[in-house]
Amino acid sequence: MNEEEARRRGYVHLAEWLAKVQGEWTKRRGAKAARMTALERLDYRKDLTEQNPQANYRVLYNGSGTFLTAAVVEPEPIEFKVGDQSIRVRGFIADTKVYY
């Protein structure tokens, strides 16, 4: 969701945050990155939007290093206890350091 869509849907704080992110990206990006927005960079090669949250299993493996490692992740919720709070987590995001 981009800034314009966030505003249209009434997510004012998200829209403000996205505008701030884009401003920082514009100030700090290199010459090669001038052709893309901050959101396009975050979703480089559609690595985020093409993830299938409905898949039964996900296999993650490292993007670099001497030894290839992998893990199979099942889409079951996990509950973490942080102090007196309980946080239930569903899903994950594979970032730029791993492949799936």
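Helix α2, which covers residues 12-28, contains 17 residues and extends 25 Å from its first C-alpha to its last, close to the 24 Å expected at 1.5 Å a residue. The expected span of a helix is taken as 1.5 Å times one less than its number of residues. Helices (H or I, at least four residues) and strands (E, at least two) are DSSP runs, numbered from the N terminus. The model is predicted, and local features therefore need pLDDT of at least 70, side-chain atom pairs count only at pLDDT 80 or more, and totals for chains, interfaces and linings use all residues. Residues are numbered from 1 along each chain as its sequence is written, and side-chain values use heavy atoms, with hydrogens and water left out.

A residue is called buried under 20% relative accessible area, exposed over 50%, and partly exposed in between (1.4 Å probe, protein chains only). The buried residues of α2 are A15, L18 and W25. These residues lie on the same side of α2 because they cover an arc of only 85° around the axis, the arc being that of the directions from the helix axis to the C-beta atoms. The buried residues of α2 pack against α1 (3-8) and α3 (38-42); contact here means heavy atoms within 4.5 Å. On the face of α2 turned away from its buried side are the exposed residues H13, W17, K20, K27 and R28.

The structure holds 4 salt bridges, a salt bridge being a side-chain nitrogen of Lys or Arg within 4 Å of a carboxyl oxygen of Asp or Glu. One of them joins E24 to K27, with the closest N and O atoms 3.1 Å apart. E24 and K27 are 3 residues apart in helix α2, and are therefore separated by about one helical turn. K27 is exposed, with a relative accessible area of 64%, whereas E24 is partly exposed at 28%. The side chains of R28 and E24 also meet in a salt bridge (2.6 Å, N to O). Both R28 and E24 lie in helix α2, at a separation of 4 residues, about one turn of the helix. R28 counts as exposed because its relative accessibility is 65%. Salt bridges that share partners join E24, K27 and R28 into one network. Another salt bridge is formed by the side chains of R9 and E5 (2.9 Å, N to O). E5 counts as partly exposed, at 22% relative accessibility.

A nonpolar patch on the surface is formed by Y57, V59, Y61, L68, V72 and Y99, which together have about 640 Å² of accessible area. Patches are made of residues with over 30% relative accessible area and no salt bridge; like charges are joined within 9 Å, and nonpolar side chains (Val, Leu, Ile, Met, Phe, Trp, Tyr) within 5 Å. Accessible areas come from the Shrake-Rupley method with a 1.4 Å probe, and for residues only the protein chains shown count as cover. L68 counts as exposed because its relative accessibility is 70%. V72 lies in strand β2 and counts as exposed at 56% relative accessibility. V72 and V59 are 13 residues apart in sequence, yet their C-alpha atoms are 4.5 Å apart in space. When residues up to four places away in sequence are not counted, V72 touches Y57, R58 and V59.

Two loop positions complete the description. R45 lies in the loop between α3 and β1 and has a positive phi of about 55°, although it is not a glycine. Most residues other than glycine have a negative phi. R45 counts as exposed because its relative accessibility is 58%. D95 lies in the loop between β4 (85-89) and β5 (98-99) and is partly exposed, with a relative accessible area of 46%. The C-alpha atoms of D95 and Y44 are separated by 10 Å, and these residues are 51 residues apart along the chain.
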